[in-house]
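My plan is to look things up one at a time and jot down what turns up.

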Amino acid sequence: MSIVFCGAIFGFFYAWVCSTMWGLDQADPRVAIAAMQAMNASVRNMVFFPAFF
């Protein structure tokens, strides 16, 4: 069963890389850096904290 969960997590992160990171790679570096910092800041909240830890 754990192999299924590992595969699901891998699939989620692979889909995220293929969509978000490749899209940011096409943007101007200053815009991409600001966008990535905004995404990182948006997950630092009380809703995300229990799910992450």
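Entry 1: I started with Phe10 and Tyr14, which both sit in helix α1, four residues apart, or about one turn of the helix. For helices I go by DSSP runs (H or I, at least four residues), with strands as E runs of at least two, all numbered from the N terminus. Helix α1 covers residues 2–26.

Before going on, a note on what I'm looking at. This is a predicted model, where local features need pLDDT of at least 70 and side-chain atom pairs count only at pLDDT 80 or more, while totals for chains, interfaces and linings use all residues. Residues are numbered from 1 along each chain as its sequence is written, and side-chain values use heavy atoms, with hydrogens and water left out.

**Entry 2: how open are those two?** I looked up Phe10 and found it exposed, at 59% relative accessible area. Tyr14 comes out as partly exposed, at 48%. My cut-offs: buried is under 20% relative accessible area, exposed is over 50%, and partly exposed is in between (1.4 Å probe, protein chains only).

**Entry 3: aromatic pairs.** How many aromatic pairs does the count come to? I get two. The ring centres of Phe10 and Tyr14 are 6.0 Å apart and their planes are at 15 degrees, so I log that pair as stacked. The rule takes rings of Phe, Tyr and Trp (its six-membered ring) with centres within 6.5 Å; planes under 30 degrees apart are stacked, over 60 edge-to-face, and the rest tilted.

Phe12 and Phe13 also pair up, edge-to-face, with 5.3 Å from centre to centre and 75 degrees between the planes. Of these, Phe12 is exposed at 54%, and Phe13 is partly exposed at 47%.

**Entry 4: a nonpolar patch.** Which residues make the nonpolar surface patch? I wrote down Phe10, Tyr14, Trp16, Val17, Met21 and Trp22, which together give about 630 Å². Patch members need over 30% relative accessible area and no salt bridge; nonpolar side chains (Val, Leu, Ile, Met, Phe, Trp, Tyr) are joined within 5 Å, and like charges within 9 Å. The areas come from the Shrake-Rupley method with a 1.4 Å probe, and for residues only the protein chains shown count as cover.

**Entry 5: the whole chain.** I stepped back and counted three helices and zero strands. Along the sequence the pattern reads α-α-α. The radius of gyration is 14 Å, well over the 10 Å that the globule rule gives for 53 residues, so the chain is more spread out than a compact globule. (That radius is taken over C-alpha atoms, and the rule is 2.2 Å times the number of residues to the power 0.38.) I also noted that the C-alpha trace spans about 40 × 25 × 10 Å along its principal axes.

Buried residues make up 6% of the 53. The chain exposes about 4700 Å², with carbon and sulfur atoms supplying 75% of that.

**Entry 6: distances along and across.** I picked Leu24, which lies in helix α1 and counts as buried at 16% relative accessibility. Leu24 and Ala35 are 11 residues apart in sequence, and 8.0 Å apart in space from C-alpha to C-alpha.

**Entry 7: salt bridges.** I found one in the structure, with the side chains of Asp28 and Arg30 meeting at 3.2 Å, N to O. The test is a side-chain nitrogen of Lys or Arg within 4 Å of a carboxyl oxygen of Asp or Glu. Asp28 is partly exposed at 35%, whereas Arg30 is exposed at 67%.

**Entry 8: cysteines.** A disulfide is a covalent bond between the sulfur atoms of two cysteines. Searching the whole structure, I found zero of them (the cut-off is a pair of cysteine sulfur atoms within 2.5 Å). Cys6 counts as exposed at 51%, and Cys18 as partly exposed at 22%.
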